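Morning, everyone. Let's walk through one protein together. Please look at the screen.

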Amino acid sequence: MSPSSYSSSHKAQLVWNSHVVIHLCVCFQAAFPKVTVLDLSCNNITSLPMEFCSLSHLVKVDLSKNLMTVLPDDLGRLGNLQHLDLYNNKLTILPVSFSQLKNLKWLDLKDNPLEINLAKAAGDCLDEKQCKQCAARVLQHMRILQDEVDKEREWRLLKDKELEKKKETKQREREAKEKEVRKRDKAEEKERKRKEYKAHMAALAIQEQKNKRKEEKKKRNGQIAADKKAAAESAPKAQRRSLIGLLFKLLLLGLAGVVGVCQLTGLKEEAVCVPINVAVDDCLSWVREQEVDVRVRELVEEVDIRARELLQKLSSLVPQLLGPLGVVPTAMEPVEN
């Protein structure tokens, strides 16, 4: 299969008259990069390859009497296209990009099972004038569809953005909740540790108090034992001190008795009593002659008076004491002050 005519000029023209072509060769762009006129009518073509839309220099294309049901989605890339014959195919709709064929002046869509709105826009296309009107009306119709598609796309984009925004909001809310849960768990863990520490410290304080009470009890028991031991050890000493005191008291009493006998009885002239009486008189005289404090002198005088009263009482008792012994007491001579 080969083109029936081909020109290498700027307005290259390719006419394909084979009736057995089903799919166009994908090497169009490489073989004929500047083709401007292309006749592919009556070739039982069912679809056009995507590479067909790269033939941007096309001005006139005849695709009539084929079996195409759809056109390439990028058909709008043929910006220089002015004449398009789609007569007698199986097209129902046109691609939305068809609205971009701004230079299209002539269009034939007769004998295609077009959807109702597109068929109304296309009209009958019975002559040249109607085909030109068809191009204008179909472009206008496709631009409306393009606007609707754009609006639909924008609406979908807006919905997608809103959905994404909602997802982000939910994600932030979920993260905030998780953060709040983590914060609450952390606070609860901190409170639990604080309570455990407080309970531990309270237990230590109770144990310390128990130990302190044990130590105090131990000290008290030790002190009691020490006191008992000291009492047991000091009892003999106390007894000895008591015995010594008793002996001292008896000695003093005996001495006082001797002094009383020597002073109040007729034995004062005896050799035994003379030194005792002299010593007593000397002591009393010495005390009177000393220059001591008034209170001391008064105390000595009080003692002297009490001693005289005691001696007088003893003088009344001496006869009773010495009577059984056969000793006759004499009158007591007064002591000089």
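Start with a term. Buried means under 20% relative accessible area, exposed means over 50%, and partly exposed lies in between, using a 1.4 Å probe and protein chains only. Cys42 has 27% relative accessibility, so Cys42 counts as partly exposed. Cys53 is buried, at 1%.

Now the ground rules. This is a predicted model: local features need pLDDT of at least 70, side-chain atom pairs count only at pLDDT 80 or more, and totals for chains, interfaces and linings use all residues. Residues are numbered from 1 along each chain as its sequence is written, and side-chain values use heavy atoms, with hydrogens and water left out.

Next, the layout. The protein has five helices and six strands. These are DSSP runs, numbered from the N terminus: helices are H or I with at least four residues, strands are E with at least two. From the N terminus, the order is β-β-α-β-β-β-β-α-α-α-α.

What share of the 337 residues counts as buried? The figure is 24%.

Last, two loop residues. Most residues other than glycine have a negative phi. Asn44 has a positive phi, near 55 degrees. Asn44 sits in the loop between β3 (35-39) and β4 (60-62), and is partly exposed at 37%. Asp111 has a positive phi too, near 60 degrees. Its loop runs between β6 (106-108) and α2 (116-122). At 49% relative accessibility, Asp111 is partly exposed.
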